[in-house]
Amino acid sequence: MSGQFLSTEKQAFQPEWGLENIHMTFFTCVRWQVEETMDPINCPYHYFCDSTYPGNYPPAIDILLLLFTTASYLGILVFTAMEIAGGRNFHQTRRYLLPSGPFSLPVILIAFAKGRRINTIFPLSSVGPAIFQLLLISALAFDNEAGSEIKYAFFEASTISGILHASLYLDSVILPYYTGFDALVSSTFSGECTSCVCRKEVLVVGGMLVSYRGWSGTTFLVVGTLFLRIISKAIADDKGKAAMLIKSALESFCWTLITIDFVYLTKNSPPQRSILHGAAFGGVFVLICLHVLRKVCAQFRRWHLGNEKDAKDAAKNHHKTGCRGM
């Protein structure tokens with residue numbers, strides 16, 4: 001960022017500060033303080049970073065989370081490919097390997113809860129939204145298979161609770177990041193300190209440049225769909241059919257919103273760690289495409305089975321007619 005001026009006597013940006021230190025301060029700031037300004041025309045709002053979060057965890061933590069995320073992604077990829085190919089479902093094994101399962105979901109919650117300090121090799125401020133989309137896709141694409149309605153309701157309710165908590169923890173990671181990004185891009189350095197900036201408008205939590213949030217309509221719709229799965233499994237058959245139709249429509253709408261979020265994040269996320277960011281959302285794009293292919297294959301199988309059933313019924317009726325003629 002080039003030097004800018006509030007007046008001809010004071011340089012706004014001091015080269016000795018170092019761009020890396022400035023970026024670190026802005027992106028890790030958890031509280032911005034506004035103070036009185038002596039220049040209400042050119043600097044109506046003067047902000048500085050009042051506190052930043054503690055230092056980052058060792059890179060080993062990032063590497064472990066990277067390996068865990070990669071394994072979770074491959075799990076979704078493999079199970080989706082198996083369903084497309086019409087192979088075995090491995091319901092019991094799948095439950096514990098998917099990101100929305102009872103083993104992986106707590107790990108994601110812990111990572112998001114501590115996500116501000118996971119910021120070296122695999123920064124959650126950048127890839128956290130992609131991991132959260134991975135969680136939503138896992139919950140939507142694969143139903144929790146359980147032996148009884150009580151177990152099914154318990155697993156689905158746990159998934160719902162986990163998704164809601166994960167969305168809040170994700171926002172605690174990305175909102176300071178987005179706020180710092182807005183403060184860095186849309187402000188002018190005042191020259192008073194490393195983080196001192198002048199703005200023409202109020203700096204809001206999360207900034208105005210990236211509007212994505214984990215606690216969003218997409219999250220609530222996915223949660224509503226999972227809740228409807230519990231209801232449709234518990235109620236009577238006649239009403240259950242209506243609930244299944246509504247659930248199917250909601251699932252399609254959920255996938256549409258996830259795709260919209262994916263496109264938005266691909267275009268509007270802060271340009272930090274672009275290669276890692278591209279790889280993360282490239283993986284999400286592959287899963288969305290596989291879901292479309294999975295639906296097409298399932299529809300084709302239903303059509304093929306329907307034709308076979310019609311052919312068998314026609315042959316049976318023809319055989320009965322021939323017998324009566326004799």
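A residue is called buried under 20% relative accessible area, exposed over 50%, and partly exposed in between, with a 1.4 Å probe and protein chains only. The model is predicted, so local features need pLDDT of at least 70 and side-chain atom pairs count only at pLDDT 80 or more, while totals for chains, interfaces and linings use all residues. Residues are numbered from 1 along each chain as its sequence is written, and side-chain values use heavy atoms, with hydrogens and water left out.

By the accessibility cut-offs, W215 is partly exposed, because its relative accessible area is 39%, and F220, at 39% relative accessibility, is likewise partly exposed. Y177 and Y178, in contrast, are both buried.

Aromatic pairs come next. Rings of Phe, Tyr and Trp (its six-membered ring) pair if their centres lie within 6.5 Å, and planes under 30 degrees apart count as stacked, over 60 as edge-to-face and the rest as tilted. Eight such pairs are found in a search of the whole structure. The rings of Y177 and Y178 are tilted, because their planes stand at 40 degrees, with the centres 5.9 Å apart. W215 and F220 make an edge-to-face pair, with 4.8 Å between the centres and 85 degrees between the planes. One aromatic cluster is formed by F26, W32 and F189.

V222 belongs to helix α7, residues 217–234 (helices are DSSP runs of H or I with at least four residues, numbered from the N terminus). V222 counts as buried because its relative accessibility is 0%. Beyond its neighbours within four places in sequence, V222 is in contact (heavy atoms within 4.5 Å) with L136, L140, I163 and C254.

Methods
Helices (H or I, at least four residues) and strands (E, at least two) are DSSP runs, numbered from the N terminus.
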